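Hello,

Here is the structure I promised to pass on to you. My notes on what turned up in it follow below.

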Amino acid sequence: MVVYYYRNYSSMDSNNFNINNGLSDEEIIARRYELVNFAKQFEGNPYVYGGTSLTNGADCSGFTMSLYNHFGYQLPRTADSQGYIGIQVSRSQLLPGDVIVYTNLGGAHHVGMYIGDNLMIHAGTTQTGIVIVPIFEGHKIYRRVIY
C-alpha cells in the first residue's frame, strides 16, 4: 500500500480527475456505492493509531485513505491534508462516498466518509473501532473525490 505523507495535492487531484474522467455518469454513481459497500464490510474492525490496514486496524485518515486507494484514488495520509483533496461541497450536496473532515481552530482532527441517510463510517476510537454513526456536530468541511 502507498502511504502519502507529503502535500502534493495537485498530483493526487490530477490522478483522481483522470480516474473520474474515464467514467460515465452512471459509472460514477455506481463507484460511489461500491466504495460505500466496500467500507461497510470493515465495520467492527479495530482502530489502530497510525494504522492503514482495513482488516488489522486503521486510524481515521488511514481508513479513508485505504478505502479510496482500493479504487485507485489517492488521498493524503492525515485528516488535515484530506481536507484539501477533491472539490469542496456543502452539507446539502453530500453524496455517499464524500469525505467529512472535522476541524477545529488548530486544523482538522478527524475524518470519516458519508454513507447516506445522515450517517458516516469512520475509524472512531480504540473502544469503538470502525463504526457507522450519525454525522457528528461541529465544524466540518465536505470533500468530494468521486465526481
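This is a predicted model: local features need pLDDT of at least 70, side-chain atom pairs count only at pLDDT 80 or more; totals for chains, interfaces and linings use all residues.

Let me begin with a loop. Asn118 is found in the loop between E5 and E6, where helices (H or I, at least four residues) and strands (E, at least two) are DSSP runs numbered from the N terminus. Residues are numbered from 1 along each chain as its sequence is written, and side-chain values use heavy atoms, with hydrogens and water left out.

Most residues other than glycine have a negative phi. Asn118, however, has a positive phi near 65°, and Asp117, also not a glycine, has a positive phi of about 55°. For exposure, buried means under 20% relative accessible area, exposed over 50%, and partly exposed in between (1.4 Å probe, protein chains only). Asp117 counts as exposed because its relative accessibility is 72%, whereas Asn118, at 34%, counts as partly exposed.

Helix H3 is another part to look at. Nine of the 11 residues of H3 (residues 60-70) are buried, so this helix is largely enclosed by the rest of the structure. The buried residues are Cys60, Ser61, Gly62, Phe63, Thr64, Met65, Ser66, Leu67 and Tyr68. After H3 comes Gly72, which has a positive phi near 90°.

Now for the whole chain. The protein has four helices and eight strands, in the order α-α-β-β-α-α-β-β-β-β-β-β from the N terminus on. Its radius of gyration is 14 Å, close to the 15 Å that the globule rule gives for 147 residues, so the protein is as compact as a globular protein of that length. That radius is taken over C-alpha atoms, and the rule is 2.2 Å times the number of residues to the power 0.38. Along the principal axes, the C-alpha atoms fill a box of roughly 40 × 30 × 30 Å.

Of the 147 residues, 52% count as buried. Taking contact as heavy atoms within 4.5 Å, 60% of the contacts between residues at least 6 apart in sequence join residues at least 24 apart.

Best wishes
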